[in-house]
Amino acid sequence: MAQDHIRYDILAQDALRGVIRKVLTEVAATGRLPGDHHFFITFLTGAPGVRVSQHLKSKYAEQMTIVIQHQFWDLKVTENLFEIGLSFSDTPEKLVIPFNAIRGFYDPSVNFELEFDVPLAEEEEEGGEVTAYPLPHAEPVEADGEAPAEPAEKKEGSVVSLDAFRKKQ
């Protein structure tokens, strides 16, 4: 098989992250989520550019899932990251999350899910093969610091996994 000099796998993941960027940009412009939409976003807390408080970092050392639903503020979206204010156990926090740190995005209102191959820090150091990870891996945290109620029934949906497009070595 020929070597992929274009790196379609990276281009496809960047394009799918663009979906998240566009959705969050529209939410930031209106200040609210449309209809029943809400988002579970799983990200690596130790990824470059991620900024969370030491309290949250110690509680979620590897990754964290946040829920953007009822209570959030100061949502700002740039080309490479988003900033958001959320409350955890009545403590306001500002989070800065680069799109490259996101492992998963899920909107249960329409059963839409994206999954990304983002290696944990130790996986990057080992240089091993990175595989898709199940979502959500971390316990989701809602704005009030409590775990959100799970949907009554999760409908079958499709997870976008880009492993099929990776060059096997």
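Buried means under 20% relative accessible area, exposed over 50% and partly exposed in between, with a 1.4 Å probe and protein chains only. This is a predicted model, in which local features need pLDDT of at least 70 and side-chain atom pairs count only at pLDDT 80 or more, while totals for chains, interfaces and linings use all residues. Residues are numbered from 1 along each chain as its sequence is written, and side-chain values use heavy atoms, with hydrogens and water left out.

**View 1. Strand 2, covered on both faces.** Six of the six residues of strand 2 are buried, so this strand is largely enclosed by the rest of the structure. Helices (H or I, at least four residues) and strands (E, at least two) are DSSP runs numbered from the N terminus. In a regular strand the side chains alternate between the two faces of the sheet. Here Gln-63, Thr-65 and Val-67 are buried on one side, and Met-64, Ile-66 and Ile-68 are buried on the other. Strand 1 pairs with strand 2 in the antiparallel sense over six bridges; two strands pair if DSSP finds at least two bridges between them. Look for Phe-39, which stands opposite Ile-68 in strand 2.

View 2. Phe-43 lies in strand 1 and, at 0% relative accessibility, counts as buried. Contact means heavy atoms within 4.5 Å.

**View 3. The largest nonpolar core.** This core has 32 residues, and Ile-41, Ile-66, Ile-68, Phe-82 and Leu-95 have the most contacts inside it. A nonpolar core is a set of buried Ala, Val, Leu, Ile, Met, Phe, Trp, Tyr and Cys residues joined through side-chain atoms within 4.5 Å. Helix 1 (8-30), strand 1, strand 2 (63-68), strand 4, strand 5 and strand 6 each supply at least two of its residues. With neighbours within four places in sequence set aside, Ile-41 is in contact with residues including Leu-24, Met-64, Ile-66, Phe-82 and Phe-105.

**View 4. Aromatic pairs.** Rings of Phe, Tyr and Trp (its six-membered ring) pair if their centres lie within 6.5 Å; planes under 30 degrees apart count as stacked, over 60 as edge-to-face and the rest as tilted. That rule gives four aromatic pairs. Phe-40 and Tyr-106 form a tilted one, at 6.0 Å centre to centre with 50° between the planes. Phe-40 lies in strand 1 (residues 39-44) and Tyr-106 in strand 6 (residues 102-107), so their pair ties together parts that are 66 residues apart in sequence. Both Phe-40 and Tyr-106 are buried. The centres of Phe-82 and Phe-99 are 5.8 Å apart and their planes stand at 40°, so this pair is tilted. Phe-82 is in strand 4 (residues 81-88) and Phe-99 in the loop between strand 5 (91-98) and strand 6, 17 residues apart. Ring pairs also link Phe-39, Phe-105 and Phe-112 into a cluster.

**View 5. Arginines over rings.** A charge sits over a ring if NZ of Lys or CZ of Arg is within 6 Å of the ring centre and within 35 degrees of the ring normal. Arg-17 lies over the face of Phe-116, at 4.4 Å from the ring centre. The charged end of Arg-21 sits over the ring of Phe-99, 4.9 Å from its centre.
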